[in-house]
Amino acid sequence: MPPMSNAKVVLKSGRDKPVRQRHPRLFSGGIKAIVGRPKSGEVVEVHDNRDEWLARGVINEASQIAIRLLTWDQDEAIDAAFWARRVAQAVARRNADPLLRTTNARRIIFGESDGLPGVIADDYASHIVIEYSALVALNAREAIEAAIRTSCAPAQIHIRYDEERLKGEGVSAKLYSPSVASEAAATVIREGDLQFRVDLTRGQKTGFYLDQRQNRQRVAAYCAGARVLNTFSYTGGFAIYAAAAGAAEVINVDSSADALRLAGENAVLNGFGAGINENRQTLITHIQANVFDDLRVRREAGEAFDVVVLDPPKFAHNPSQIERAARAYKDLNRVGMHLVKPGGVLATFSCSGVVDAALFQKIIFSAAMEAGREVHIVEHLSQASDHPVLLTFPESEYLKGLICRVY
Ligand code: SAH
């Protein structure tokens, strides 16, 4: 598509800085005028107030993010070759990543961090799950999927839609039928010596919390001989690592029966099944409950653990929810701290992007004050390396964790 034929978006005076700094999102408030009549989903040229060309992107007037910026190189056209290049670069980054050599499950596309807004793709042992969340990516899906086939030669591709986000883009996911029949499908992935069954079509996220990969290993380092309470366990990622590290006992708590069923299968798969336990000793149990209730009941019963893991779902989806989320994190962590034996470990996480690391630490401080415990942060954790943080898009940093000693 020749760039000159695209419609032009002119920015208000003083609103060009984020674009020059290559932030990939442009909000409608910064736009002075739109020259031409671009339809949502079409490529537009972004100019500053003095008509200097700045960037090229795709407009969507139904979205709060009016323009998804794609390139800052005037010679780079947005065509099939563009998408293929971006996908190939994303896959090359993972292939070059030394931290991913011992696993066959990795995120190969992490949205804007890979220059590909509105799309994530996870590779689970050659079963690739693609999830679309923006019009810009949906319109390019044939090129994106073809590029993934070329770069990864997957056994299968499964398509998912983030219906909530797509609604905010003025798109009904129902209009898009999966390009590959997404009947129920599962596979087994490997992380080092450990194996996990992944539900590719009905699981949470795209099936597995790849972003916690490095953190599972970090937390396991404290689990030898330990009694471990693994809350919001999902399919037992932290539990299996803890068991493999020699934990005496692990209790998984989650509200989802499906997640706990898979957690049970994962225990068996790794030799920690009830009554099997081969030559290993860890006892893993699975409790279906609301974690907030479960923690209170345990506290009243005077239970204590060497290691408590708190890995709740996202409490804040946007800035207006920060305050309420902060209260929920504080309450959760206060009760969690009460259950840690003096000198034991609390591994606590937040995947709410709008709660940044500094605020999260303040919340943990408040929780410690209220719990009357002395807390030492011994490790700061973040998201795994296949979820890279693009410096020009700091919003791509969303997961943070603290490993704390609690006295
Ligand atoms: N720690 C997991 C990921 C956790 S995702 C891992 O490493 O794989 C969050 C989990 O919390 C989901 O499995 C969800 O079912 C569960 N969940 C959400 N709200 C809950 C609640 N109030 N009580 C118990 N579980 C909850």
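**Stop one: a helix pair**

α6 passes α7 in a right-handed crossing. Keep in mind as you click around that this is a predicted model. To find the pair, select residues 213-220 for α6 and residues 237-244 for α7; they pack at an angle of about 40°, with their axes 9 Å apart.

Now show side chains. On the α6 side, pick Arg213, Asn215, Arg216, Gln217, Val219 and Ala220; across from them in α7 sit Gly237, Phe238, Tyr241 and Ala242. Colour that contact by class and you get five nonpolar, three polar and two charged residues.

**Stop two: the core**

Which residues touch the most other members of the largest nonpolar core? Select Tyr124, Val219, Val228, Val307 and Phe349, out of 38 residues in that core. Elements giving two or more residues to this core include α6, β7 (105-110), β12 (194-199), β16 (305-310) and β17 (340-350). The most comes from α7, with six residues.

**Stop three: another helix pair**

Jump to α2 (residues 80-95) and α4 (residues 141-152), which pack at about 40° with axes 9 Å apart. α2 passes α4 in a right-handed crossing, and the two are oblique to each other. From α2, select Ala80, Trp83, Ala84, Val87, Ala88 and Val91; they meet Ala143, Ile144, Ala147, Ile148, Ser151 and Cys152 in α4.

Key:
Residues are numbered from 1 along each chain as its sequence is written. This is a predicted model: local features need pLDDT of at least 70, side-chain atom pairs count only at pLDDT 80 or more; totals for chains, interfaces and linings use all residues. Side-chain values use heavy atoms; hydrogens and water are left out. Axes are lines fitted to C-alpha atoms, for helices over the stretch in contact, and angles run from 0 to 180 degrees between N-to-C directions. Helices (H or I, at least four residues) and strands (E, at least two) are DSSP runs, numbered from the N terminus. A crossing is left-handed if the near helix is turned anticlockwise from the far one by less than a right angle, and right-handed if clockwise. Contact means heavy atoms within 4.5 Å. Ala, Val, Leu, Ile, Met, Phe, Trp, Tyr, Cys and Pro count as nonpolar, Asp, Glu, Lys and Arg as charged, and the others, Gly among them, as polar. A nonpolar core is a set of buried Ala, Val, Leu, Ile, Met, Phe, Trp, Tyr and Cys residues joined through side-chain atoms within 4.5 Å. Buried means under 20% relative accessible area, exposed over 50%, partly exposed in between (1.4 Å probe, protein chains only). Angles under 35 degrees count as roughly parallel, over 145 as roughly antiparallel, 65 to 115 as roughly perpendicular and the rest as oblique.
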